[in-house]
Amino acid sequence: MQLVEIATDRRVTIAMFTIAIVVFGLVALARLNVTLLPDLSYPTLTVRTELTGAAPQEVETLLSRPIEEGVGVIRGVRKVRSVSRAGQSDVTLEFAWGTAMDIASVEVREKLDLLQLPLTAQRPQLLRFDPGSDPIVRLALVQADASVEQSVRPAPTAGRSRPAALNFADENDRLRQLRRLADDELRTGLEAIEGVAAVKVSGGLEEEIQVLVDQDRLAQLGIGIEQVASRIRAENVNLSGGRLEQGLERYLVRTINEFRSVQEMADSIVANSNGQPVFLRDVAQVERGFREREAITRLNGAESIEIGLYREGDANTVRIAGNIRKHIDTLRSGLPENLHLEVINDQSVFITAAIEQVRSAALVGGLLAVLVLYGFLHNLRATVIIGLAIPVSVIGAFLLMFASDITLNIMSLGGIALAVGLLVDNSIVVLENVVRHREQGQDVLSAARRGTSEVAGAVTAATLTTIAVFFPMVFISGVAGQLFRDQALTVTFALLFSLLVALTLIPMLAALRAGPRYADADELVPPGRVTRGLAWT
């Protein structure tokens, strides 16, 4: 076999080729993203449209049905279902597996732009269901008091003094200031971290200007609520007024008429009654208030502000979480003395622990395989030669994993752990046949060539048979296909490299004693040692 002859004649070439595989494989390993599970993407899109104040029946008639009819004809749609509730319509589109969702999103948006929806309805939103859409890190901004355990309080930054403590008039003022600090300062700093796609702040109290209309007063003056609302919108504008050119200079003109205070808003004119102006303060009470609360976050019983950080789609969860933890230390040094920023959930901790367990299982499995080999062979050199098939094959698999955009996750590492016991099979068969030829009196070089050539077809067929069991899992559709694809490819890559190692590296190492200085050296494996070892079973 020509490959075997090259392996035994061009030993330096095979050695350099093996070293190159190991080096590039280690480089690829350092660049592989680390995640808990493979990227699972469901072929579904949800069109959410809001119509404030509309009853469920109106939402179904004005929103859900027109949207269903408009997007139901898109190519690849298998099922359309809708849920109509007060003020909100959710139309879910289920596509066939394998559909390019980016293109499908564009087609859905084009169909939505052609629909004639009520003018008061908000622009439809496209939502993608993604199991990995949970925040990778959740933080809590809390006040430093007895409710925060001393063990979780960060140590003060050496050499830097923190700002003075904030004073709170009451509980509402505390929640208002904490929410403002999280929105204005912490969000900006966290969004700048590389790999962070979005930062969501929840909890606390959000300020808003509330206009409490007196319906009886409006009825007496004959003014409608829509007239008041439209007048407020018209009085509070910031629009482009075109441009003004003067010589070589060009000026941008804007129409700015925004309210600068609550009193200025209350003094705005909303209508005329019997020739007299009607001010907003005459028909409504204008005051500062807070938005209706949709979420309450507590840490150790005390209300706090929750900050969720979401990663970019193809970003490394573990690396991003590490960058976030480093950046948090900088943010903590800029907080007032009576405030703390605590990490309440970090996905990278669980991911790292799970990956480490699988990695340890693979290492222990490889070590046990080598020990079992030594127990049968009772020859250190033969054990080392066969044992090299495991690290070289695994590291080579990392190189193909990087080329195939496969992440380090439980499934891919599980595939490596599964393949560890199979990686030495080809090398054992090759080396055993080389030893058999050596026992028949052939020289080391001839034994390496003939022994490997005789079983090359057999080990190739055996390897392809095993691959035929795992590789078809790549073509499974649905969630199962996405989940087991990484494992199937990882096992396939490792087995292919084990076959390559058995046909090149093993005969090359077995023929190292073919030179004149080793002509009368000891045997590669003492005659009968493998046979006696097998007889022990």
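**Helices and their surroundings**

Guide: The buried residues of α4 are covered by elements that include β1 (44–50), α3 (56–71), β3 (88–95) and β4 (125–128). Here, helices (H or I, at least four residues) and strands (E, at least two) are DSSP runs numbered from the N terminus, and covering rests on contact, meaning heavy atoms within 4.5 Å. This is a predicted model, in which local features need pLDDT of at least 70 and side-chain atom pairs count only at pLDDT 80 or more, while totals for chains, interfaces and linings use all residues. Residues are numbered from 1 along each chain as its sequence is written, and side-chain values use heavy atoms, with hydrogens and water left out.

The residues of α4 that are buried (under 20% relative accessible area, with exposed over 50% and partly exposed in between, for a 1.4 Å probe and protein chains only) are Met101, Ala104, Ser105, Glu107, Val108 and Leu112. Viewed down the axis of α4, these residues fall within an arc of 165°, so they line one face of the helix. The arc is that of the directions from the helix axis to the C-beta atoms. On the other side of α4, Asp102 and Ile103 are exposed. As for length, the 13 residues of α4 (residues 101–113) should span 18 Å at 1.5 Å a residue, and the end C-alpha atoms are 18 Å apart, which agrees. The expected span is 1.5 Å times one less than the number of residues.

Helix α10 (residues 317–333) can be read in this way too. Its 17 residues should span 24 Å, and its end C-alpha atoms are 25 Å apart, which agrees. Among its buried residues are Ile320, Ile324, Ile328 and Leu331. Their cover includes β5 (137–143), α5 (171–191) and β14 (302–311).

Helices also meet in pairs. The axes of α13 (residues 389–403) and α17 (residues 478–503) come within 8 Å and cross at roughly 130°. Axes are lines fitted to C-alpha atoms, for helices over the stretch in contact, with angles from 0 to 180 degrees between N-to-C directions. The two helices are therefore oblique to each other; angles under 35 degrees count as roughly parallel, over 145 as roughly antiparallel, 65 to 115 as roughly perpendicular and the rest as oblique. Residues of α13 that meet α17 include Val392, Gly396 and Leu400, and those of α17 include Phe493 and Phe497.
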